[in-house]
Every structure is written in structure tokens, then in C-alpha cells.
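I opened the model today to look up a few points. My notes are below.

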Amino acid sequence: MISIFFLWLLIILLIQILFKLINITKNQIICFFISLLIILFAVNLKVSMAAAIEGANLWFKAMLPTLFPFLVICNLLISYDGISIYSKLLGPLLCRPLGLSKNCSFPLAASFLCGYPLGAKYCSDIYDLGYIDRKEYIRLLNIASNCGPLFIIGSVSAAMLGNIKFGYLLLIPNYLSLIIIGFITKGKKTLSKPTSFIPPTPNKNFGQAFKDAIENALTTTISVGGFIIIFSVVIGIIKNNAPISIIFNNIESYINLPKDSLYAFFLGSIEITNGCNILATSSLTIPLKLSIISFLCSFSGLSIIAQVSSFTSKHHVPIIKYILLKFFQGIISFLITLGISNFFLGSITTSTSNTLASLDPYMYFIPIVILLILAFIEFVMKNLFFHVS
């Protein structure tokens, strides 16, 4: 399955070379694809409308009840300097092992609990408020960026795969790959301002702070809903065009890949929900199926990347570097999942197996335990071997 990754890298490289050879500008490329989308929308009007309604229902039933209240609460915390409180409580545990300042703990906690795209939003928020500098902000974006446990446990494992225990196998690589990316990008020095730098608490009464929190949460929630609807339409158009599926099936048979693997990977690279759903119903073995789903959850897909870009574009963040690191994170997550699932599951082909009975919900806390151990080791090393009297 590693060949799929290299195939996509080769396709992207060849497309870039082609564009340079024929001297096409970025605006021309974007206009071409938008025009193509307009034509496809008009030709597939019924399918597009049905997909838009389905995306709106998904946003209304799944995203709005969870995302909006969480955003309001987090915005209130920021208004009353909750970042400094989180920095003191969670900073040593979450940030010190990763080489981040304590002020980064709030976006990390929000991302670990709720997933995309809240980590990117709160990274941008604390950067705007002056808690971190630009270098640490760019690095934090690649760490506070993961799939939410509710999506992995509920939507993917319980609803699609029919076994909630598979969520534990997916959740562990989802967090561990982030930790590995954190260590890879750590560098030698802390890139942030001193952790004692705390902007002054804004002088707001509760009514004004509550009003601002609701307005900000509404704007963000509606924006996320717009992305979900648009990408649902794109996915609906692609799925309705049989020639695209036939092309991918021919490629899979030509390079000896399992059926639906490349097609699901393609759709999942655009929007992870559809890709995971196709993989869940495929005939792949469970370890391979879980591994590809794990890659998609860590990579996130173009829909999530577009949402992240909407928060970071005003700061001119290099989005290509972000995408490459997310792709690398996906490969790490794929390999970890493949190793763990092969160890526990072997080559099972049914998604309703109970062989995960030995796994329990305490595996949720494995990444936290790892971070705690790393923080303790660093503390001991610093005080025993590098203490200066």
C-alpha cells in the first residue's frame, strides 16, 4: 500500500513540471478548475443538490450541536485569560516534551479533545493575542492538528466499521504521529517568547464577552458548514461519474492493488468521511483497512486543509509545508496502525470481529502517559545532570 503514496507524489510532481513547461499561471489553473466545477454542477444538478442537502444535514446534525457550544466556551475562556491558567496546568505535560512554550497548551488541548479545525483556529487566536511568536505559531499548527476522538470512535469505528473497539487502534496512532512530528520539528532552541509574557486581560463585562464569544462561534461554525457543503457537492459529482471509478479500478488492477483502495484513498484525500465510508465497506483485510483510514484521518484531506487555510491565510503561513508535514504524519500513522493491527488482528477480513476484547478504554491515555514520562525524564535529566548551582 506504500506504493499508493509514491504514486500520488509522482502524479503531483509530474503535474507541477507540466505547468512549468507550458507556463500556466496559478490564476489560470484556479479559473480552469472553477469553470470545470460550474459545468459539472450544471450537468449533475440533481446530484449536486442532493449532495448539498446531505452536507447541510451532516453539518446541522453532527457539527452544529458539538462545535458551536465548544467554541462559545473556549472563546469565553480566552476572554478571561484562560490561556494563562491552561498554561500553568497543562503546559509542563503537553508542551515541555514537545519543545513548545506553556502558552501553546490551550490549542493543543482543544485539538486533542475536538480535532479539526479548532487547533488551527486557536493557534491563530493566541498568535493574534501575542502569546506566541510567528515561528512557534507555524510549528504549533503542525502539532495542534489531529482528528477528533468523537469522529474516530463514533463515526468511523461504531457507525462505519461496526466495532467501537477499532477506535482505540485508530486513536493511538492519531496522537502518536502528532508527538513524532513534534519531536521531528523540535529543533535545538525554544522558538517562542518567554513563557512569562502574558498579554493583559481585557476589561470586559460578562455580557459583552458572552456576546463576542457567540458571534465568533457563529462565524466559525457557519464557515465550517460552508466548507462541508461545498466539498460534499464535489464528492457527490465525483461519485456520480462512473468513468472516474472505472479509471481507478483499471489502475488498481494494473499495479496489483486491492479493489477500491486507490479510489477510496482519492476520495478520502478530498474529504475523509467519504473515503473512510468506502474503505469500511471494501473487501480489504482489517489491518490494511484500518491503516488506510488512519492515514486519511491524520492527513485530513483537502476539505480540512481548506478550513485550516481560512484561519491561517491572513498570516501568510506556507500551506505547502503544512500539507507535506500532514502527508508525512499520515504515513507515520499508517505504519503505526499497520504494526499494531497486525499484532492484534492478523489478517481478519470481517469488521465485526471481537478479537479486540483485550483492548480497553484506558488505551485513550497512552499518548498522555508517554508525554508525562517524557516530561519526567526531561525534568530529571535537567536537574540531575545539567543543574547549575
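Ground rules. The model is predicted, with local features needing pLDDT of at least 70, side-chain atom pairs counting only at pLDDT 80 or more, and totals for chains, interfaces and linings using all residues. Residues are numbered from 1 along each chain as its sequence is written, and side-chain values use heavy atoms, with hydrogens and water left out.

Entry 1, helix 4. I looked up helix 4, residues 82-95 (helices are DSSP runs of H or I, at least four residues, numbered from the N terminus). Its 14 residues have end C-alpha atoms only 16 Å apart, short of the 20 Å that a straight helix would reach at 1.5 Å a residue; the expected span is 1.5 Å times one less than the number of residues. I found a bend of about 55° at leucine 89, with proline 92 following within four residues. The bend is the angle between axes fitted to the seven residues ending at a residue and the seven starting there. Buried residues of helix 4 include Gly82, Ser87 and Cys95 (buried means under 20% relative accessible area, with a 1.4 Å probe and protein chains only).

I placed threonine 337 in helix 16, residues 319-345. Is threonine 337 buried or exposed? Threonine 337 is buried, because its relative accessible area is 1%. Leaving aside neighbours within four places in sequence, I noted its contacts with Leu169, Leu170, Pro173, Leu290, Ser291, Ser294 and Asn342 (contact means heavy atoms within 4.5 Å).

Key:
Helix = DSSP H or I, 4+ residues; strand = E, 2+ residues; numbered from the N terminus. Buried < 20%, exposed > 50% of the residue type's maximum accessible area, 1.4 Å probe, protein only.
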